[in-house]
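Open the model in your viewer and show it as a cartoon. The tour below goes stop by stop, saying what to select and what is there.

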Amino acid sequence: MSLIKNIVVAGGTHGNERTGVRLVEKWMEHPECYSSCCPSAKVELVLSNPEAVRLNRRYRDHDLNRAFSQVCLDMGAEPEEYEFRRARELNRIYGPKGTGTKTDLLLDVHNTGANMGLCLILSARDPFTMKASAVLTQEFKDAWIYYQPEERSMSPYFGTVANADVCIEIGPQQHGTLDARLFEESESLVRRYLELAEDWNRGELQKRAPIQVEVFTQLRDLGYPKAWAGAPIEAMIHPDLLGRDFGELKKGDKLFRTFDGKDILYQGEADGRESVWPIFINEPAYYEKDIAMSLTVRTVEEW
């Protein structure tokens with residue numbers, strides 16, 4: 001198995017997701033907080049979107065975490081939008097995206113307003129990230145694995161400039177704020193990823209027995225009810241569903257409630273599937289993207 005030689009810990013990819021911002025700032029000021037975790041690798045810290053951090057906004061001109069597809073990175077003219085320019089800069093420093101990248105592992109720390117706990121998002125079935133994430137579901141009671149398969153050259157996410165990545169989504173936490181409990185849990189979680197990378201480089205993690213884990217795999221995003229694209233939303237997340245991320249949603253369950261109090265039920269999937277497991281339920285930042293929630297499929301696997 002390949003050694004993990006270069007690791008990047010990122011915060012502030014969205015400037016108002018303050019846990020990652022403050023974690024990176026703290027570690028920059030106090031390198032002793034992480035320097036002994038993985039001595040066999042070079043660990044770098046980055047505030048991904050410093051302009052958005054300064055503004056305490058998700059982004060300035062464009063969502064940075066939607067700017068890392070190869071098409072965006074290879075645009076001929078110099079982009080006007082700050083985030084597209086910043087994506088190119090980050091790709092030059094930590095990439096370049098593809099087989100020649102300088103970064104083996106990227107840990108990108110985010111917050112969500114949804115009730116996601118400590119959500120570990122994997123974009124590929126990478127041996128290290130799978131094994132390490134499985135271990136962390138045992139060590140942290142509110143850790144979940146979300147598998148969002150990505151063709152890396154097409155993926156718009158910062159993490160995909162590295163050979164392997166984990167996007168860590170922590171919530172519920174209001175954007176622009178800090179939560180002491182979640183901050184401390186997040187710091188412990190990121191430190192454990194670094195320690196497990198050290199175990200991997202020593203050949204110890206690979207020897208651990210497989211762990212049975214729940215895996216929630218992306219199925220599709222579900223928008224809000226609207227009369228037409230661009231129209232105002234006609235319903236809200238149903239109160240019975242709100243906050244029930246990673247819970248089963250069955251055909252006939254209450255999904256939305258209209259503004260005049262009528263319930264809209266889940267009708268199942270076009271392929272005949274009658275149960276899904278929603279996540280990112282009512283994420284505030286996704287209103288602009290017309291995403292009410294992401295629907296996943298639950299499996300139990302050995303990692």
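**Stop 1: the sheet**

Start with β3 (residues 105–111) and β6, which run parallel and are joined by 7 bridges. This is a predicted model: local features need pLDDT of at least 70, side-chain atom pairs count only at pLDDT 80 or more, and totals for chains, interfaces and linings use all residues. Residues are numbered from 1 along each chain as its sequence is written, and side-chain values use heavy atoms, with hydrogens and water left out. Strands (E, at least two residues) and helices (H or I, at least four) are DSSP runs, numbered from the N terminus. Two strands pair if DSSP finds at least two bridges between them.

β4 pairs with β6 in the antiparallel sense, over 6 bridges. Select I168 in β6: it is the bridge partner of V109 and also of L120.

Which residues of β6 are buried on its two faces? On one side they are A164, V166, I168 and I170; on the other, D165, C167, E169 and G171. That makes 8 of the 8 residues in β6 (164–171) buried, meaning under 20% relative accessible area; exposed is over 50% and partly exposed lies in between (1.4 Å probe, protein chains only).

Zoom out. The open sheet has 10 strands in the order β2-β1-β3-β6-β4-β5-β7-β13-β12-β9, with mixed pairing. β2 (42–47) and β9 (249–250) stand at the edges; each has a single partner strand, so one side of each lacks a neighbour in the sheet.

**Stop 2: helix α4**

Select residues 82–94. Helix α4 packs on the sheet and touches β1 (6–11) and β2; its direction makes about 170° with that of β2. Contact means heavy atoms within 4.5 Å. Axes are lines fitted to C-alpha atoms, for helices over the stretch in contact, and angles run from 0 to 180 degrees between N-to-C directions.

Colour the buried residues of α4: Y82, E83, F84, R86, A87, R88, L90, N91 and Y94. They pack against β1, β2, α2 and α3 (70–73).

E51 is buried, at 18% relative accessible area. Leaving aside residues up to four places away in sequence, E51 touches R60 and Y82.

**Stop 3: salt bridges**

The whole structure holds 30 salt bridges, each a side-chain nitrogen of Lys or Arg within 4 Å of a carboxyl oxygen of Asp or Glu. Select R58 and E17: their closest N and O atoms are 3.3 Å apart. R58 sits in the loop between α2 and α3, E17 in the loop between β1 and α1 (18–29), 41 residues apart. Both R58 and E17 are buried.

Move to R60 and D61, a salt bridge at 3.0 Å, N to O. R60 is partly exposed at 31%, and D61 is partly exposed at 36%.

**Stop 4: helix α6**

Finish on residues 180–201, the 22 residues of α6. At its start, a side-chain oxygen of D179 comes within 3.1 Å of the backbone nitrogen of R181. Just after α6, G203 has a positive phi of about 80°.

Inside α6, select R192 and E195, 3 residues apart, about one turn. Their side chains form a salt bridge (2.8 Å, N to O). R192 is buried at 19%, while E195 is partly exposed at 24%.

Definitions and conventions: The expected span of a helix is 1.5 Å times one less than its number of residues. A polar contact is a pair of N or O atoms within 3.5 Å; within protein, one must be able to donate a hydrogen and the other to accept it, and residues adjacent in sequence count only if both atoms are side-chain atoms.
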